[in-house]
Amino acid sequence: MSEDDRTRAYRSPGDGRPLPPRPGDGLRSGGAPAHRIPPGGPTPPGGQGPVPAAGAPTQKLPTAAPEGPAEAPPRRGSSRVYGRERAGESPVRPLRSRSGGPAEPRPPKGPPKGPRKKISGKAILSITAGFLVLLLVAGVGLFFWVNSRLTGIEGVLDEYEGRPADTPGTNWLLVGSDSRKGLTAAQRKKLATGRAAGQRTDSMMLLHIPEGSDAPTLVSLPRDSAITIPGRGRDKLNSAYAFGGPKLLVRTVENATGVHIDHYMEIGFAGFVDIVDAVGGVEINVRAAVNDPKAGLKLKKGTQVLTGSQALGYVRTRKGGALPDFERTKRQRQFLSAVVKKAASPGVLLNPFTAIPLAASATDAVEVDSSTGAFNMLSLGLAMGDSPVTTVVPFGGTERVASGDAVKWDRTKALALFNALKEDKPVPKDVVDAG
C-alpha cells in the first residue's frame, strides 16, 4: 500500500483537509466542501492549490481536454429560493435599497406592544355605576321637565256637600273629548272629525288601582248612559260635560257610582293622534273588517299596527256589532290598554329618540286636575301596562231622557261593580262577564 493510500484509509473525513489525489481524480473533498480555487491563493497541504481568500470571486480551473467520447457538461449550481429551485451559479445577492446600497431593516412603527391588559372587575363596576348614575340623572331631569309641562285644570276635584268619602286605592276618571283644538282645517278633513261646535266627551272610563297586589280594573261608562246630572235632572252622561265641563262631569260620576275620584285626565283628538305616532303606532287585533267613511277608516281583519289617524277612527267608529255603542266602548278599552302598554315598554322609555317625543306629545295632549303630577302619571302608565281587568257598566234596556233615548244601567249588577271598587276588592266575575 502506497503512502497516499494509507493516508486515504486513516484520515478522518471531517478534518477539513482535502485528500491526496489519485490518478484520474477530479476535484474531490474528504469531508470538506469542494472549492473552486482561484489562482494566486495559498496552497494547502496536499498540493491541491491555493485556498480562496474571503470575499474573492471563484473561478473555474482549466481542465485538460477529455479523452474518448464527449461527456455531458457538468450540472450548473442551483439552490432553492422560497421552495423553488433557483437556476444559476452566482450566490443570492442581498436586497438593495432604491439608492443602490444594501437595504436597511425597517424600524418598527412604534414601541413594542406589551401584553393586552384585562379589564378588572372593579373597572367594570365603576363603568356600570357611572352609567346608572347618568341614567338616574337623566330620569330625574325628564321627570321635572314633564311635571313642569303638565296643564292643570283648576277646581275639577273641589269639595262639595255630599261628596263620597275617600276610599282605599286610587281612582282615575279618563276622558276622551271631541275637541278639535290644535287641528287645522286640512287635519280635520283628513281625520274626518267634522266642524262640531263646542266640546263633548267622546269616551269615559273609570280606572281603579288597588292598594294590594290585585290587578287594576278599567270600567267603560257609556256616554249615552241615562244618569242624574246635579241641577239638570235625568239626561245622558256626556251632557254633563257639555253643561258644566270637567267639574260637573266628575261630580255627576261620583254621585252615580259612589266612587271618590282622585285624579282626572282628559285628551282631545289632536293629542290622541300625536301620542300614537310618537310611540311608532300601536298593534291592534281588529276582530272584524271596518269600512266607515264618516270616521275616515278602512281596516282589514287581523292584527296590524295602526297609525295615529287610523287609531282615532278605530275608537270613534260606530260600525260593527249588534250594539254599536257597546262595541265602541270595547274598542276604546282595547286601544287605551295597548297604547299605554306600548308607551310604558322599556324599548320606548329607555330610548331617548322615542321617550322625549312621547313625553312632549303626552304633556301637550293631556289636561289633568291641578293636583296631578308626573309621578301620578307614571303610576297611571304602570297600572295600564299591568293588564287591567276590563269591563263596562252592566246595562239592560233604554230610558227616555231630555236628550232622547239613553242606555239604562242594570242597577243590581252596577251596584255590585261600584261597591267592589269602593271596598278595594276584585269585581265579581259574573259582573265582569256581564259587562
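A charge sits over a ring if CZ of Arg is within 6 Å of the ring centre and within 35 degrees of the ring normal. Arg331 lies over the face of Tyr314, and the distance to the ring centre is 5.9 Å. A further case involves Arg232 and Phe243. Here the charged end of Arg232 sits over the ring of Phe243, at 4.2 Å from its centre.

The chain has 435 residues. Its secondary structure comes to 12 helices and 17 strands. Buried residues make up 39% of the chain. Contacts were also sorted by distance along the sequence. Of those with a separation of 6 or more, 60% join residues 24 or more positions apart.

The average pLDDT of the chain is 75. A score of at least 70 is reached by 66% of the residues. Over residues 194-198, pLDDT stays under 50. For this stretch the model has four contacts beyond four places in sequence. Where pLDDT is low, the predicted coordinates should not be read in detail.

Helix 4 covers residues 237-257. A straight helix of its 21 residues would span 30 Å, at 1.5 Å a residue. Helix 4 spans only 12 Å between its end C-alpha atoms. The helix also carries a kink of about 135°, which lies at Gly244. The proline Pro246 follows shortly after Gly244. After helix 4 comes Gly258, with a positive phi near 75°.

The structure holds one aromatic pair. Its members are Trp409 and Phe418, and the pair is tilted. The ring centres are 5.8 Å apart, with 40° between the planes. Trp409 has 14% relative accessibility, so Trp409 counts as buried. Phe418 is buried too, with a relative accessible area of 2%.

Gly381 is found in helix 10, which covers residues 374-384. Its relative accessible area is 14%, so Gly381 is buried. Leaving out residues up to four places away in sequence, Gly381 touches Val340 and Ala344. Gly381 and Val340 are 41 residues apart in sequence. In space, their C-alpha atoms are 5.9 Å apart.

Thr217 is placed in strand 6, which covers residues 217-220. At 6% relative accessibility, this threonine counts as buried because the cut-off is 20%.

Asp424 lies in the loop between helix 11 (411-422) and helix 12 (429-434). Most residues other than glycine have a negative phi. Asp424 is not a glycine, yet its phi is positive, at about 60°. With a relative accessible area of 16%, Asp424 is buried.

Notes. Residues are numbered from 1 along each chain as its sequence is written. This is a predicted model: local features need pLDDT of at least 70, side-chain atom pairs count only at pLDDT 80 or more; totals for chains, interfaces and linings use all residues. Side-chain values use heavy atoms; hydrogens and water are left out. pLDDT is the predictor's confidence in each residue, from 0 to 100. Contact means heavy atoms within 4.5 Å. Helices (H or I, at least four residues) and strands (E, at least two) are DSSP runs, numbered from the N terminus. The expected span of a helix is 1.5 Å times one less than its number of residues. The bend at a residue is the angle between axes fitted to the seven residues ending there and the seven starting there. Rings of Phe, Tyr and Trp (its six-membered ring) pair if their centres lie within 6.5 Å; planes under 30 degrees apart count as stacked, over 60 as edge-to-face and the rest as tilted. Buried means under 20% relative accessible area, exposed over 50%, partly exposed in between (1.4 Å probe, protein chains only).
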